[in-house]
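Visitor: I am new to this structure. Could you walk me through some of its details?

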Amino acid sequence: MDIRRRNNVTVTGNPQGPAVVLAHGFGCDQNMWRLTVPALAEEYRVVLFDYVGAGRSDLSAFSQDRYATLGGYAQDVVEVCEALDLRDAAFVGHSVSSMIGVLAAGLAPERIGALVMVAPSPRYIDDADYRGGFSAEDIEELLESLESNYLGWSAAMAPVIMGNAERPELGQELENSFCATDPDMARVFAHTTFLSDSRDDLKSVGVPTLVLECAQDAIAPREVGAFVHEAIPGSTLVTLDATGHCPHLSAPEATNEAITTFLAGLR
């Protein structure tokens, strides 16, 4: 199989520079990074892709069994890195892709040499002394709503996820992205995302890691950022002066500065 076609791989930026892989979150595609790419393109070889089911990926490559776990998505990441023969790439993952990056780094440590987690959450459901931001009932209702009316769910949830109510065009963009995603494949990815528990995987991270959280985020509250930071030895935590779950769209300057500062420190 042509991995580049399967995942609609795009390579831009400086072909001689260190590789940076940008991975989108649930219901999104690589276009969500368009405000970040210019900040990286001069110095870095920038790799973008779409998970199967999103963007311009090859929908015929979708497998419900493979993508029922985050490990299936992580395998896609590894295969993209192998197809491009990337070594010690910096993996920048938004939301659930942060945890996919953790798994991919474990599968192919020679391919991924650093992690940037943008609004990560290893578990969305509260558990004992862990606060993920949602009760089990909340997530059950969210998934039931998504199952019964995906377009309606997208219209209702996109503004909540994006935040920034005073900038409705941002929520509209996210809604449009959700609606452009194949509904059946989105349902699988949603279940995989919102029912996942990657807390134990964080302890195995052995590469330089930047954790980027937002000052206000309805999906990944600051307790989650603190948990991730504490769980990953030697990680750096930066709290962005940003609202919502997509700071690369709502606060691109601050997000890009944090990412480029971290990457510069690796060189």
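This is a predicted model: local features need pLDDT of at least 70, side-chain atom pairs count only at pLDDT 80 or more; totals for chains, interfaces and linings use all residues.

Visitor: Where is alanine 108 found?

Guide: Look past helix 4, towards strand 5, which spans 112–118. Alanine 108 is in the loop between helix 4 and strand 5.

Visitor: Is alanine 108 buried or exposed?

Guide: Buried means under 20% relative accessible area. Alanine 108 has a relative accessible area of 2%, so the residue is buried.

Visitor: How many Å separate the C-alpha atoms of alanine 108 and tyrosine 73?

Guide: Along the chain, alanine 108 and tyrosine 73 are 35 residues apart.

Visitor: At what angle do helix 3 and helix 4 pack?

Guide: Helix 3 covers residues 70–83 and helix 4 covers residues 96–107. Their axes are 8 Å apart. Helix 3 passes helix 4 in a right-handed crossing. The packing angle is about 65°.

Visitor: How do the residues of that contact divide into nonpolar, polar and charged?

Guide: Helix 3 contributes residues including Leu70, Gly71 and Tyr73. Helix 4 contributes, among them, Val96, Met99 and Ile100. The division is eleven nonpolar, two polar and no charged.

Visitor: Is leucine 70 buried or exposed?

Guide: Leucine 70 is found in helix 3. Beyond residues up to four places away in sequence, leucine 70 touches Val96, Met99, Ile100, Leu103, Thr192, Ser196 and Ser198. Its relative accessibility is 6%, so leucine 70 counts as buried.

Visitor: How many aromatic pairs are there, and what kind do phenylalanine 62 and tyrosine 67 form?

Guide: The count comes to 14 aromatic pairs. For phenylalanine 62 and tyrosine 67, the distance is 5.4 Å centre to centre, with 25° between the planes. Both phenylalanine 62 and tyrosine 67 are buried. Their pair is stacked.

Visitor: Why does the pair of tyrosine 150 and tryptophan 153 count as stacked?

Guide: Both residues lie in helix 6 (residues 150–162), three residues apart, about one turn of the helix. Tyrosine 150 and tryptophan 153 are also both buried. Planes under 30 degrees apart count as stacked. The ring centres of tyrosine 150 and tryptophan 153 are 6.1 Å apart and the planes are at 15°, so the pair is stacked.

Visitor: Which ring does the charged end of arginine 199 sit over?

Guide: Go to the charged end of arginine 199. The ring centre is 4.9 Å away. That ring belongs to tyrosine 130.

How values were computed: Residues are numbered from 1 along each chain as its sequence is written. Side-chain values use heavy atoms; hydrogens and water are left out. Rings of Phe, Tyr and Trp (its six-membered ring) pair if their centres lie within 6.5 Å; planes under 30 degrees apart count as stacked, over 60 as edge-to-face and the rest as tilted. Buried means under 20% relative accessible area, exposed over 50%, partly exposed in between (1.4 Å probe, protein chains only). Helices (H or I, at least four residues) and strands (E, at least two) are DSSP runs, numbered from the N terminus. A charge sits over a ring if NZ of Lys or CZ of Arg is within 6 Å of the ring centre and within 35 degrees of the ring normal. Axes are lines fitted to C-alpha atoms, for helices over the stretch in contact, and angles run from 0 to 180 degrees between N-to-C directions. A crossing is left-handed if the near helix is turned anticlockwise from the far one by less than a right angle, and right-handed if clockwise. Contact means heavy atoms within 4.5 Å. Ala, Val, Leu, Ile, Met, Phe, Trp, Tyr, Cys and Pro count as nonpolar, Asp, Glu, Lys and Arg as charged, and the others, Gly among them, as polar.
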